[in-house]
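Here's a quick walk through a structure, with a stop at a sheet, a residue and a helix. Have the viewer open while you read.

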Amino acid sequence: MRHIISILLENEAGALSRVAGLFSARGYNIETLTVAPTEDNSLSRLTIVTSGSDEVIEQITKQLNKLIDVIKVVDLSEAAHIERELMLIKVRATGKDREEMKRMAEIFRGRIIDVTDSTYVIELTGSGPKLDAFIQAIDAGLILETVRTGVSGIGSGDRILKV
């Protein structure tokens, strides 16, 4: 089962490495990982998407809580949450494909953020399946480059991750 684990940790050199090392040392896969400072520059928020049984996720959570840099760990998947991903995709946009790419960006509520004579860069945000659907909906031969951030997630309602 897919889990989104959100971690509040000290914003110090090596903290991210220790978290990633915990996963690799135990053979757990990290599907996506995002990290950035919070409103408090001394703290970072790390969001990891991984898969495993409830027992495996509980073991991961316990191990994470033992790390000295880790302040708090929450499995966002346990309750209502919001998750989004950002994708930048560079596509070939010449001739009839130019209008088609513009139309597809509009259908998926994307924005064209860079235009040249032969390419568009389209910015899309949404769930992973939405971004996957966009990729499937356009001709694979038109895709020149794709960059995705991985999942960022936050608890819904009053649920917060704070010290």
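## Strand 1 meets strand 4

Strand 1 covers residues 2–10 and pairs with strand 4 in the antiparallel sense, with five bridges between the two. If you want a spot to look at, take L8: its bridge partner in strand 4 is K72. Bear in mind that this is a predicted model.

## The sheet around them

That pair belongs to an open sheet of four strands, ordered 2-3-1-4, with antiparallel pairing. Which strands stand at the edges? They are strand 2 (32–37) and strand 4 (70–75); each has a single partner strand, so one side of each is left without a neighbour in the sheet. On average, neighbouring strands here are turned by 15 degrees against each other, direction ignored. As for what holds such an arrangement together, strands of a sheet pair through backbone hydrogen bonds, either parallel or antiparallel.

Over at the strand 2 end, strand 2 and strand 3 pair in the antiparallel sense over six bridges.

## T50, inside strand 3

Strand 3 runs over residues 43–51, and T50 is part of that stretch. Is T50 buried or exposed? Its relative accessibility is 0%, so T50 counts as buried.

What does T50 touch, once its neighbours within four places in sequence are set aside? The contacts are M1, R2, H3, I5, F23, N29, E31, I57 and I60. With N29 there's a polar detail as well: the T50 side chain reaches the backbone oxygen of N29 at 2.5 Å.

## Helix 4 and its two sides

Now for helix 4, residues 128–137, where the buried residues are G128, L131 and F134. Looking down the axis of helix 4, you'll find these buried residues within an arc of 125 degrees, so they line one face of the helix.

Methods:
Residues numbered from 1 in each chain as written. Predicted model: local features only at pLDDT ≥ 70, side-chain atom pairs only at ≥ 80, totals over all residues. Heavy atoms only, no water. Pairing = 2+ DSSP bridges. Axes fitted to C-alpha atoms, helices over the stretch in contact; angles between N-to-C directions. Buried < 20%, exposed > 50% of the residue type's maximum accessible area, 1.4 Å probe, protein only. Polar contact = N/O pair within 3.5 Å; in protein donor to acceptor, adjacent residues only side chain to side chain. Contact = heavy atoms within 4.5 Å. Arc of directions from axis to C-beta.
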